[in-house]
Amino acid sequence: MPESTATRTLARVITVSDRSARGARPDASGPEAENLLTAAGYDVSGDIIPDGAGPVSEAIRAAISDGARLIITTGGTGVGPRDRTPEGTVNVISREVPGLAELLRAKGAEVTPHAVLTRGIVGVIDAHPGEGAIAPAFAGALVANLPGSPKGVREGLAVLIPLVPHILDQLAGGDH
């Protein structure tokens, strides 16, 4: 469980979809992620952005600037021509956590063979001590790319949510 409600962990859900960003298709995966994270005790906000590495990198950086410690992206992880969420994510993270991405694919493949087509990555953004009023201290963040379907989001968050508190504690310098 995240910290107490007085200091609830901030989470951001970023839906990556050209059609949803244009308003041509309602976003179903983002609200699913927001609901699941809220139920798990996180303080959640969401964004919808177009596909592409640039918008993904910018949205993750904005989430970090806003204090998010958990960032979930939905969509843009497949092999389609505009699916560039992993590329945008890798531009921002400090280190990948390949075991988590592998676990997400393995659990998804138990349900559908299409799960192995996701190129989603999981990574961390390292903590920094801050520099007073210029830059506040930051305790690190976890970033995970999930598929752009409500079902994929449910399956992915079922794997991630139990692990997130330990990961965030480790990023902030907690004991193993």
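This is a predicted model: local features need pLDDT of at least 70, side-chain atom pairs count only at pLDDT 80 or more; totals for chains, interfaces and linings use all residues.
I'll start with H6 and H2. Helix H2 covers residues 29–39 and helix H6 covers residues 150–160. Their axes come within 8 Å, with a crossing angle of roughly 30°. Angles under 35 degrees count as roughly parallel, and H2 and H6 are therefore roughly parallel to each other. The crossing of H2 past H6 is right-handed. On the H2 side, the residues in contact are Ser29, Glu32, Ala33, Leu36 and Leu37. On the H6 side they are Pro150, Val153, Arg154 and Leu157. By class, the residues of this contact are 6 nonpolar, 1 polar and 2 charged.

Now the second partner. H5 and H6 have axes that come within 10 Å and cross at roughly 130°. That angle makes H5 oblique to H6. The crossing of H5 and H6 is right-handed. H5 brings Leu100, Leu103, Leu104, Lys107 and Gly108 to the contact, and H6 brings Glu155, Gly156, Val159 and Leu160. The residues of the contact of H5 with H6 split into 5 nonpolar, 2 polar and 2 charged.

Next, the largest pocket. How much space lies in the largest pocket? About 760 Å³. The lining is made up of 42 residues. Nearest the centre of the pocket are Gly75, Thr77, Pro147, Gly148 and Ser149.

Which element gives the largest share of the lining? That is H6, with 6 residues. The elements that each supply at least two lining residues are strand S1 at 10–16, helix H1 at 18–22, helix H5 at 98–109, strand S6 at 141–146, and H6.

Key: Residues are numbered from 1 along each chain as its sequence is written. Side-chain values use heavy atoms; hydrogens and water are left out. Axes are lines fitted to C-alpha atoms, for helices over the stretch in contact, and angles run from 0 to 180 degrees between N-to-C directions. Helices (H or I, at least four residues) and strands (E, at least two) are DSSP runs, numbered from the N terminus. Angles under 35 degrees count as roughly parallel, over 145 as roughly antiparallel, 65 to 115 as roughly perpendicular and the rest as oblique. A crossing is left-handed if the near helix is turned anticlockwise from the far one by less than a right angle, and right-handed if clockwise. Contact means heavy atoms within 4.5 Å. Ala, Val, Leu, Ile, Met, Phe, Trp, Tyr, Cys and Pro count as nonpolar, Asp, Glu, Lys and Arg as charged, and the others, Gly among them, as polar. On a 1 Å grid over the protein atoms alone, a cavity is a set of points where a 1.4 Å probe fits but cannot get out, and a pocket is an open set with protein on both sides within 12 Å along at least five of seven lines; lining residues have an atom within 4 Å of a point. Grid points are joined across faces, edges and corners, and a volume is the space filled by probe spheres set on the points.
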